[in-house]
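Please read the following walk through the model with the sequence and the coordinates side by side. It begins with one chain and then turns to the other.

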Amino acid sequence: MDDSQIVSLYLSRDETAIGQTAEKYGKRLYTLAYGIVADEQTAEECENDTYMQAWNSIPPHEPREYLYPFLARITRHIALNHCRDRERLKRSAHICELSAEMEQCIPDPKTSGCPVEDMVLGEAINGFLGTLDTQKRNIFVRRYWYMDSVADIARRYRLSESKVKTTLFRCRNKLREYLEKEGCTL
Amino acid sequence: MNGNELLDKMGLIDPAFIEEADAPQVKKAVALKRWLAAAACLVLLFSLGFGTYAYAVEAKEYQEALEFFEEHDLTTENLSRTDIKEVYNDIATESFTNSFSANVILNSLTPEQAKAYENRFNQQPSLGNVKEIWTYVFKNAEPTAGYSPIDEDFRYLVVDSMELKGKKYVSVDAIEGEKCNYPQINEEDISRRWSGKHTAMLLVEDPDTKEWQVIYKMPGARAGELSNTPKANLVWNVETSAKIVYSPGTSSFRYYIVCDLVQYTFDDSGTLVDTAKTSQVIHKF
């Protein structure tokens, strides 16, 4: 069943929508959640919570053209919250590591303008990603959206870990420069 | 905003980028490239190996051809490397289908040889009788009627025997290198082996002295069976060694000798009246 038909089921409040979603995207959503929470049971919870939240979000949303990213965004958000709420030491360390890396992207408030809204920030981030070549953009997204480890990214793209680290470092610097140039204060 | 919050804001990344980053990696393309590279290497190695082998075979053929030309005092003048090999194959198999072969034979004739041929056959050497010239001048075959002495440095193996018009004939393989008491040849000694240096010999028993005399001999050939024509002329089969083929294509790496089966026909007086190449015989070693 294609995404548009699944979304139609949601819109018509047909509960088979959840079954169809699980059949088509369940494994990917579970993998995404497991990559963040590193716990099978919690990952399953995240997956199921995703279906629940999707049920509640469609309508008003109607993600016919981007159903997977829509669901994955929900899963990511839920998984991050699980991590923080339960304060699992190992994953917290992972989140802390990622947060520390993100700190490097935040422009100096003295050189930037006023704080920006989510929409503006989203446009800036996407604008920045649009300036990167495909591989660098994918590495950045895998690291800070999917929260993959450097080793996993290196394996996925058949690169050395040092190459991935270097790419990420340069991307973070470029993002900071880009946000500064766009006048974004975070 | 701190890093933790910015990490959350990464959730604002465009769905297209998220899909793009989650697309499965095209492993097949990489695998295909590797296979292609491996295949290219194999092809290169095979080509090199085959090229080397082909070069070696060609060099061996050329060397054989040169030795053949030298052995028979044939001229290589105005012949390319390829021509030399082709003429060698043509003459050695006695096909005489290559246009260069006749010229090579005629140009290689010494004045003495040409004169001797003219005296014997009452005609001048020409393109039309190249086969005769080759047989009687360069191969030193003896088409003469009558008898000639036996060389006792040979071992004689009787291949076949026959009685025709009151005369006894034997077809004999003479193998160089072993002495043999010639008069002891008998029919029980018939053997069909191919080894050593052969000379095919046709012998007839002298009705008066009961001694065997040579009618005809062919150096480098193997004697075959005897038979007769409807007109009661004697037919003698001879296998002439035409070509040695080394075949690495077989599992046993064998050598083959491809022989022409030639029938010589003699009249009552022992004179050669006809020669005909009938087929080919292959001996495997």
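In chain B of this predicted model, residues 24 or more positions apart account for 51% of the contacts with a separation of 6 or more. The secondary structure of chain B comes to seven helices and eight strands, and of its 285 residues 41% count as buried.

The partner to consider here is strand 4 of chain B, residues 212-219, which runs antiparallel to strand 3 of chain B and is joined to it by seven bridges. Leu202(B) stands opposite Tyr216(B) of strand 4 of chain B, while Glu205(B) has Trp212(B), also in strand 4 of chain B, as its bridge partner. The hairpin formed by strand 3 of chain B and strand 4 of chain B has six residues between the strands, and in this hairpin Lys210(B) takes a positive phi near 65°. Strand 4 of chain B has six of its eight residues buried, so it too is largely enclosed by the rest of the structure.

Chain A can be followed through its helix contacts. The axes of helix 1 of chain A (residues 3-11) and helix 2 of chain A (residues 16-37) come within 8 Å and cross at roughly 150°, an angle that makes helix 1 of chain A roughly antiparallel to helix 2 of chain A. The crossing of helix 1 of chain A and helix 2 of chain A is left-handed. Helix 1 of chain A contributes Asp3(A), Ile6(A), Leu9(A) and Tyr10(A) to the contact, and helix 2 of chain A contributes Thr16(A), Ala17(A), Ile18(A), Gln20(A), Thr21(A), Lys24(A) and Tyr25(A). By class, the residues of this contact between helix 1 of chain A and helix 2 of chain A divide into six nonpolar, three polar and two charged.

A further pair in chain A consists of helix 6 (residues 118-131) and helix 9 (residues 161-181), whose axes come within 10 Å and cross at roughly 130°, which makes helix 6 of chain A oblique to helix 9 of chain A. The crossing of helix 6 of chain A and helix 9 of chain A is right-handed. The contact is made by Leu121(A), Ala124(A), Gly127(A), Phe128(A) and Thr131(A) of helix 6 of chain A, together with Cys171(A), Lys174(A), Leu175(A), Tyr178(A) and Leu179(A) of helix 9 of chain A. Seven nonpolar, two polar and one charged residues make up the contact of helix 6 of chain A with helix 9 of chain A.

Finally, what is the relative accessible area of Asp148(A)? Asp148(A) is found in the loop between helix 7 (134-144) and helix 8 (150-157) of chain A, and its relative accessible area is 12%, so Asp148(A) is buried. Not counting residues up to four places away in sequence, Asp148(A) touches His94(A), Arg142(A), Arg143(A) and Ile153(A).

Note on methods. Residues numbered from 1 in each chain as written. Chains lettered and ligands numbered in written order. Predicted model: local features only at pLDDT ≥ 70, side-chain atom pairs only at ≥ 80, totals over all residues. Heavy atoms only, no water. Pairing = 2+ DSSP bridges. Helix = DSSP H or I, 4+ residues; strand = E, 2+ residues; numbered from the N terminus. Axes fitted to C-alpha atoms, helices over the stretch in contact; angles between N-to-C directions. Parallel < 35°, antiparallel > 145°, perpendicular 65-115°, else oblique. Left-handed = near helix turned anticlockwise from the far one by under 90°. Contact = heavy atoms within 4.5 Å. Nonpolar A, V, L, I, M, F, W, Y, C, P; charged D, E, K, R; others polar. Buried < 20%, exposed > 50% of the residue type's maximum accessible area, 1.4 Å probe, protein only.
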